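Look at the model from a distance before picking out any single residue. The paragraphs below start with the sheet, then turn to the helices, the core and a few individual residues.

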Amino acid sequence: MLCVPGWACAPQWASILQWSMPLLCVWRAGHSRLVEIGVAEGVSAIALREGMNADATLWLVDPFHLSRVRALNFTRRVARRTVKSCGNGTVAWIEKFSQDAVASRKEPIDLPLIDGDHLEKSVLRDWQEWSRFIRAGGVAIFHDARVFAEGWCTPEYGPVKAVDHLFRSTSSGEWTIIEEIDSLVVVQRSESAARNAETVLASR
Ligand SMILES: C[S@@+](CC[C@H](N)C(=O)[O-])C[C@H]1O[C@@H](n2cnc3c(N)ncnc32)[C@H](O)[C@@H]1O
């Protein structure tokens with residue numbers, strides 16, 4: 001088992017274990033600008049918060065629209081309480097759909113975790129709209145994006161199909177799969193290709 005300092009304040013051990021790999025990605029690269037698309041009850045969000053730099057910001061994007069009792073919205077309450085259980089860095093809540101939240105995005109991103117709407121077209125849209133903000137050398141993590149032994153993902157899962165389409169069927173040279181564990185796929189942006197894209201972004 002991985003020994004990770006700070007896990008003592010994490011609320012759900014079994015779920016946190018699932019997120020050990022993204023945590024390590026965050027630490028290894030010293031990322032400071034993180035985005036999570038799809039927060040739900042905050043299990044992966046707290047893993048990211050635990051692992052990020054003390055001066056990092058984590059933007060949490062979720063409209064929390066699935067609650068059966070909208071007025072009470074237990075999912076949002078649990079998410080807020082879970083993410084608050086660790087005081088590391090800064091957290092910014094964006095209670096919007098990712099496709100609306102991206103409109104006001106200006107800052108570059110070191111690491112987005114994509115785990116919102118799981119329809120293939122929605123994952124592809126999230127990728128198209130958010131990936132241009134990822135800095136050179138930055139990484140992105142997809143959840144539920146890989147079929148693995150005794151796992152829950154099927155080849156028909158939206159994130160599985162999207163990742164296959166984006167990174168396995170063709171090779172652009174801009175993005176490389178650098179880690180795969182259980183349902184998680186991590187891709188990294190090459191330094192050179194990203195610099196070209198940043199130049200285009202800056203000139204807009
Ligand atoms: C699978 S859950 C996220 C689980 C969470 N990342 C975790 O592992 O703890 C998906 C979440 O995505 C949210 N969601 C659905 N469509 C979305 C969209 N277009 N933009 C942002 N979040 C969305 C849902 O409200 C739901 O909370």
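Two strands pair if DSSP finds at least two bridges between them. The strands themselves are DSSP runs of E with at least two residues, helices are runs of H or I with at least four residues, and both are numbered from the N terminus. By this rule strands S1 and S2 pair in the parallel sense over 5 bridges. What you see is a predicted model, in which local features need pLDDT of at least 70 and side-chain atom pairs count only at pLDDT 80 or more, while totals for chains, interfaces and linings use all residues. Residue numbers start from 1 along each chain as its sequence is written.

The protein contains 8 helices and 7 strands. The 7 strands form an open sheet, and reading across it gives the order S3-S2-S1-S4-S5-S7-S6, with mixed pairing. At the edges stand S3 (90–94) and S6, each with a single partner strand, so one side of each has no neighbour in the sheet. From one strand to the next the twist averages 15 degrees. Angles like this one are taken between N-to-C directions and run from 0 to 180 degrees; the axes are lines fitted to C-alpha atoms, for helices over the stretch in contact.

At one end of that order, S6 (residues 175–181) and S7 (residues 184–189) pair in the antiparallel sense over 6 bridges. Isoleucine 181 has leucine 184 in S7 as its bridge partner. The two strands form a hairpin with 2 residues between them, and aspartate 182 in the turn has a positive phi of about 45 degrees.

Leucine 34 lies in S1 (residues 33–37), and its bridge partner in S2 is leucine 58. Is leucine 34 buried or exposed? A residue is buried if 20 or more other C-beta atoms lie within 10 Å of its own, exposed if 12 or fewer, and partly exposed in between, with C-beta atoms placed from the backbone. Leucine 34 is buried because 27 other C-beta atoms lie within 10 Å. Leucine 34 and aspartate 110 are 76 residues apart in sequence, yet their C-alpha atoms are 5.9 Å apart in space.

Two residues are in contact if their C-beta atoms, placed from the backbone, lie within 7 Å. Leaving out residues up to four places away in sequence, leucine 58 touches Leu34, Glu36, Ala45, Leu48, Arg49, Met52, Gly89 and Val91. Among contacts in the protein between residues at least 6 apart in sequence, 70% join residues at least 24 apart.

Leucine 58 also belongs to the largest nonpolar core. A nonpolar core is a set of buried Ala, Val, Leu, Ile, Met, Phe, Trp, Tyr and Cys residues joined through C-beta atoms within 7 Å. This core has 45 residues, and those touching the most other members are Ala45, Leu58, Leu60, Ile114, Ala140, Ile141 and Phe142. Helix H3 (residues 43–51) gives the largest share of the core, 5 residues. In H3, 9 of the 9 residues are buried, so the helix is largely enclosed by the rest of the structure. For the protein as a whole, buried residues make up 39% of the 204 residues.

How do helices pack here? Two packed helices are described by the angle between their axes and the distance between the axes. H3 and H4 pack at an angle of about 20 degrees, with their axes 9 Å apart. That makes H3 roughly parallel to H4, since angles under 35 degrees count as roughly parallel, over 145 as roughly antiparallel, 65 to 115 as roughly perpendicular and the rest as oblique. Val43, Ala45, Ile46 and Arg49 in H3 meet Ala79, Thr82 and Val83 in H4.

The axes of H6 (residues 120–130) and H7 (residues 158–168) come within 7 Å and cross at roughly 50 degrees. H6 is therefore oblique to H7. The contact involves Glu120, Ser122, Val123, Leu124 and Trp127 of H6 and Gly158, Pro159, Lys161, Ala162 and Leu166 of H7.

Finally, consider two loop residues. Phenylalanine 64, in the loop between S2 (57–61) and H4 (74–84), has a positive phi near 50 degrees. Aspartate 144, in the loop between S5 (139–142) and H7, has a positive phi near 60 degrees. Phenylalanine 64 is partly exposed, with 18 other C-beta atoms within 10 Å, whereas aspartate 144 is buried, with 21.
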